[in-house]
Amino acid sequence: MVLCMLVVGEVFDERYRIIKSLGHGGMGTVYLATDNVDGSSWAIKEEKITTKNRKLLFSEAEIMEKVNHPAFPKFRDKKEFNGYLYLIMEYIDGHTLEDEIIEKKRISEGQAIEWFKQICVALVYLHGLDNPIVYRDFKPSNLMVEKTGRIRIIDLGIAQEYQGDSAEVDVAVLTRGYAAPEQYNKRYKLDSRTDIYALAVTAHYMLTGKDPNKPPYVFVPVRKLRHNLSVAIEYILKKCLQPNPNKRYANATYLLHDIERIEELDRKIRLQVRTRKIVACSLISIAVISSIVVYSINLSAQRKEIEGYNALIESAIAAASLDSALQDIQDAINLSPENPEAYILCAELYLEYGHIEDAYTYVNDIIINQFPDIYNNTDFLELVQKLDKVS
């Protein structure tokens, strides 16, 4: 049972006439109200204050006051009255994304990508604040589709400022299916990858119509459910939905980079798939021929390989041009493909020569895929910090 103080037809705070209830849930009831001063429409969120939720409610108000981005409702005021907290904010005229999906069953890929991108831009903003904010509750019912077609993000009820390596979280407020796996630990690290996971769940639902709140609670690759989707969107969602956060995009900026260049990414992936098939056939042939040959690798050969690799790295660093450096790096990679040093140097040189987009692409498409545990590499973390500064 939802306890309410506001009554339709009455005036709140000697200014706002309550028109109707817009809906209610675990965090309170939202009303449509008219400002008697200028006739403008506003949404008023009414929430019962308890000992248990007081900190969370006032945290929501503080965050709403700090957030200033077109994707979020404008905040006007907050009032505490008779044991209730009232948040007065911009009224968004539209319907929820959840209603949109239920009505259409599936959203077109072009439209889904556009909304995906709009939300990702908002994530870059939230995570880039001086005190970064993690939204924590991306789901279709918290996303509004305006009559103009723009997507808006509502309900910052459980959004939280980043508080270091770990933060207390009440798992009861999380939404099953959308919350990242690491959120169900008593203590977990709050960072952008948590939101990236939930955003990808929402995109998966948009494209497939498969409700993540219903069994079997797994994310089948989208092209198995909808064959005409691009390989790029499948690649992006698969990366975002990795159970291990270290295997997702490192931050929303990298994710946005791929979304904004999704057609180019699609062409690259298709080319890579064709190349792998050709290489696989070649390797089978080589394996048959090589079955009669016995290879011997001695310590001297290994030493020469290391010396050659280091010489190529030094040559790349001292090269007079980017093209010359890239050739030395490729030779080093061919000599020792399991060593991440040359890969990291390649991205650093792209950045040094001002090819920022190439640096992003190389990090996302090559380095992270080739080395899943690269986040333990100090040189790579320094590279990520450099990229963040120029983004």
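Visitor: What should I know about the numbering and the model?

Guide: Residues are numbered from 1 along each chain as its sequence is written. The model is predicted: local features need pLDDT of at least 70, side-chain atom pairs count only at pLDDT 80 or more, totals for chains, interfaces and linings use all residues, and side-chain values use heavy atoms, with hydrogens and water left out.

Visitor: Why is valine 363 called buried?

Guide: Buried means under 20% relative accessible area, exposed means over 50%, and partly exposed lies in between (1.4 Å probe, protein chains only). Valine 363 has 0% relative accessibility, so it counts as buried. Its place is in helix α12 (residues 356–370). Helices are DSSP runs of H or I with at least four residues, strands are runs of E with at least two, and both are numbered from the N terminus.

Visitor: Which residues does valine 363 contact, leaving aside neighbours within four places in sequence?

Guide: Contact means heavy atoms within 4.5 Å. On that basis valine 363 touches Tyr254, Ala347, Ile368, Phe380, Leu383 and Leu387. Tyrosine 254 is 109 residues away along the chain, with 8.8 Å between the two C-alpha atoms.

Visitor: How do you know that cysteine 120 is in no disulfide?

Guide: A disulfide is a pair of cysteine sulfur atoms within 2.5 Å. The nearest cysteine sulfur to cysteine 120 belongs to cysteine 240, 7.9 Å away. The whole structure has zero disulfides. Cysteine 120 is also buried, because its relative accessible area is 0%. Cysteine 346, at 3%, is therefore buried too.

Visitor: What makes β7 and strand β9 (residues 143–146) a pair?

Guide: Two strands pair if DSSP finds at least two bridges between them. β7 and β9 have three, in the antiparallel sense. Histidine 95 stands opposite valine 145 in β9.

Visitor: What is the strand order in the open sheet of three strands?

Guide: The order is β7-β9-β10, with antiparallel pairing. β7 (94–96) and β10 (151–153) are the edge strands, since each pairs on one side only.

Visitor: How many bridges join β3 to strand β4 (residues 41–48)?

Guide: Six bridges join them, and the strands run antiparallel. Threonine 29 stands opposite glutamate 46 in β4. Five residues lie between the strands of this hairpin, where glycine 39 takes a positive phi near 80 degrees.

Visitor: What makes strand β3 (residues 28–35) mostly covered?

Guide: Six of the eight residues in β3 are buried.
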